[in-house]
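Open the model in your viewer and keep the selection panel at hand. This tour goes stop by stop: what to select, then what is there.

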Amino acid sequence: MLVTAEPPLSAAWWSDLRTALVHLSAVHTDRTAVRQAYLDRAMPKYLAFLGGPVPTTPPAWSTAHGDLHWANVVGPELGILDWEGWGTAPAGYDAALLHAYSLGMPETAEHLRHELSPILDSEEGRFAELAVVTELLQSAERGDNVELVPALRQRAKEVWHRTAADGVEVLLREYD
């Protein structure tokens, strides 16, 4: 579900969302929201436009809602709906999914990136963004949220370049 207008959410709502995501990620479960076999098969196909080998193994797994988009959150007090798909996913998956569904509204996407930056700006969050882009590009082939495709591809390129730059920084530190 795409967001079509800036949601009027309070600082408390954003704080509650961050807290909920942290607590949820620590829940132990045998349920699966995203499978490694899917990532291995789909990421190289749908991210081939990035021009290099795409890693398919997340740096970490955690528990996720699995379908966190704007139709599944409510306010003015935080509520999270539609839990049938929850389970393990790449760490940061829920934040990445909510962000991806915000890309059609750049101000909302930027606000969300700011609010969830501790998650999204991590190695785990960047991988999760690439996994989410993969899923949404695949669903766009079936006609879902086609209007997001250019923004998804652009976001994947930004994340990919940031990941590559961070990798170079790590290598340079190792040689200092």
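A pocket here is an open set of grid points with protein on both sides within 12 Å along at least five of seven lines, and its lining residues have an atom within 4 Å of a point. Bear in mind that this is a predicted model.

**Stop 1: the second largest pocket**

Select L21, S25, S62, G92 and I119. Of the 13 residues that line the second largest pocket, these lie nearest its centre. The pocket's volume is about 160 Å³.

Now color by element. Helix 1 (11-25), strand 1 (61-64) and helix 3 (93-100) each give two or more residues to this lining. Which element gives the largest share? Helix 1 does, with four residues.

Next, color the lining by class. Eight of the lining residues are nonpolar, four are polar and one is charged.

**Stop 2: Q36**

Move to helix 2, residues 36-46, and pick Q36.

Show the neighbors. Leaving aside residues up to four places away in sequence, Q36 touches T56, T57, P58 and W61. Zoom in on T56. The Q36 side chain reaches the backbone oxygen of T56 at 2.7 Å.

Q36 and A89 are 53 residues apart in sequence, yet 8.8 Å apart in space.

**Stop 3: helix 6**

Select residues 123-141, which make up helix 6. How far apart are its end C-alpha atoms? They are 28 Å apart. At 1.5 Å a residue, the 19 residues should span 27 Å, so the two values agree.

Step just past the end of helix 6 to G143. There G143 takes a positive phi of about 100°.

**Stop 4: E129**

Go back into helix 6 and pick E129. This residue counts as buried because its relative accessible area is 3%, and the cut-off is under 20%.

Which side chain makes a polar contact with that of E129? It is the side chain of R113, at 3.2 Å.

Finish by showing everything around E129. Again setting aside residues up to four places away in sequence, E129 touches A96, H99, R113, L120, R155 and V159.

Definitions and conventions. Residues are numbered from 1 along each chain as its sequence is written. This is a predicted model: local features need pLDDT of at least 70, side-chain atom pairs count only at pLDDT 80 or more; totals for chains, interfaces and linings use all residues. Side-chain values use heavy atoms; hydrogens and water are left out. On a 1 Å grid over the protein atoms alone, a cavity is a set of points where a 1.4 Å probe fits but cannot get out, and a pocket is an open set with protein on both sides within 12 Å along at least five of seven lines; lining residues have an atom within 4 Å of a point. Grid points are joined across faces, edges and corners, and a volume is the space filled by probe spheres set on the points. Ala, Val, Leu, Ile, Met, Phe, Trp, Tyr, Cys and Pro count as nonpolar, Asp, Glu, Lys and Arg as charged, and the others, Gly among them, as polar. Contact means heavy atoms within 4.5 Å. A polar contact is a pair of N or O atoms within 3.5 Å; within protein, one must be able to donate a hydrogen and the other to accept it, and residues adjacent in sequence count only if both atoms are side-chain atoms. The expected span of a helix is 1.5 Å times one less than its number of residues. Buried means under 20% relative accessible area, exposed over 50%, partly exposed in between (1.4 Å probe, protein chains only).
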